[in-house]
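Q: Could you walk me through this one? I'd like the helix packing and a few individual residues.

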Amino acid sequence: MSKHRWQTLGLGTLAGFRSMTAPALLSSNLLTYHPRALVGSPLRYLQKPVVAHGLKLLAAGEMTADKLPQMPDRITPVALLGRAGAGALVGAALYKINHDSQWRGALLGGVAAIAGSYLSFFLRKKTTEQSGLSSGLVGGLEDVLTLASGLALTKGTHAGEPQSRRWSL
């Protein structure tokens, strides 16, 4: 499986954990690489500093708001739709950068985000119940896991850098 497919699966899943973190990390990474494949595409805005910084602010706000007791579950239809949209955005961008079908990338990223939403919802619920820790503390640990994984998937592997077109056997 190609690098951008793995990255789409990984970042899409992380969008299910925290919807704004995956697009924020990818957009920040794109500030370094400026792939030409995004020129002329609506996705080119992910390479703009104001978008990257705005997404970081939204991600920080989401991490903060997630700890509030009045926040709805991430698997409610509206929240799930937003997370699927974030995963689709990341997938479309990664596939476009690598000269692959944006639609396939969007579909893969969206489905991964939905799966990540359910996975993270039940994982957090079970961890909170079994450990006796507060939901907010478990959510903080989830934030750390999401950020560390996201950084590994973007900066650690140069997500914004197009894959070479060499033959791979």
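This is a predicted model: local features need pLDDT of at least 70, side-chain atom pairs count only at pLDDT 80 or more; totals for chains, interfaces and linings use all residues.

Q: Start with α1 and α4. What angle do they pack at, and how far apart are their axes?
A: Helix α1 (residues 3–17) and helix α4 (residues 77–97) pack at about 160°, and their axes are 8 Å apart. Angles over 145 degrees count as roughly antiparallel, so α1 is roughly antiparallel to α4.

Q: Left-handed or right-handed crossing?
A: The crossing of α1 past α4 is right-handed.

Q: Which residues make the contact?
A: From α1 they are His4, Arg5, Gln7, Thr8, Leu11, Gly12, Ala15, Gly16 and Phe17. From α4 they are Arg83, Ala86, Gly87, Val90, Gly91, Leu94 and Tyr95.

Q: And how do those residues of α1 and α4 split by class?
A: The contact of α1 with α4 has 7 nonpolar, 7 polar and 2 charged residues.

Q: Now α1 and α6. What are the distance and angle there?
A: The two axes, of α1 and α6, come within 10 Å and cross at roughly 160°. These helices are therefore roughly antiparallel to each other as well.

Q: What's the handedness for α1 passing α6?
A: Left-handed for α1 passing α6, whereas α1 passes α4 in a right-handed crossing.

Q: Which residues of α1 and α6 meet?
A: On the α1 side, Gln7, Gly10, Leu11, Leu14 and Phe17. They meet Glu142, Leu145, Thr146, Ser149, Gly150, Leu153 and Thr154 in α6. By class, that contact of α1 with α6 has 5 nonpolar, 6 polar and 1 charged.

Q: Staying in α6, is Asp143 buried or exposed?
A: Asp143, which sits in helix α6 (residues 135–154), has a relative accessible area of 9%. The cut-off for buried is under 20%, so Asp143 is buried.

Q: What does Asp143 touch?
A: Leaving out residues up to four places away in sequence, Asp143 touches Arg18, Met63 and Lys67.

Q: Different topic. What does UniProt list for residues 8–149?
A: An unreviewed UniProt entry lists residues 8–149 as "domain: DUF4126". Over that stretch the chain is 75% helix and 0% strand, with the end C-alpha atoms 13 Å apart.

Q: Last one, Lys125. Where is it?
A: Lys125 lies in helix α5 (residues 102–131). Lys125 is partly exposed, at a relative accessible area of 43%.

Q: How far is Lys125 from Arg44?
A: In sequence, Lys125 and Arg44 are 81 residues apart; in space they are 38 Å apart, C-alpha to C-alpha.

Terms used
Residues are numbered from 1 along each chain as its sequence is written. Side-chain values use heavy atoms; hydrogens and water are left out. Axes are lines fitted to C-alpha atoms, for helices over the stretch in contact, and angles run from 0 to 180 degrees between N-to-C directions. Helices (H or I, at least four residues) and strands (E, at least two) are DSSP runs, numbered from the N terminus. Angles under 35 degrees count as roughly parallel, over 145 as roughly antiparallel, 65 to 115 as roughly perpendicular and the rest as oblique. A crossing is left-handed if the near helix is turned anticlockwise from the far one by less than a right angle, and right-handed if clockwise. Contact means heavy atoms within 4.5 Å. Ala, Val, Leu, Ile, Met, Phe, Trp, Tyr, Cys and Pro count as nonpolar, Asp, Glu, Lys and Arg as charged, and the others, Gly among them, as polar. UniProt positions are given in the numbering used here, feature names are shortened, and annotations may be inferred rather than shown by experiment. Buried means under 20% relative accessible area, exposed over 50%, partly exposed in between (1.4 Å probe, protein chains only).
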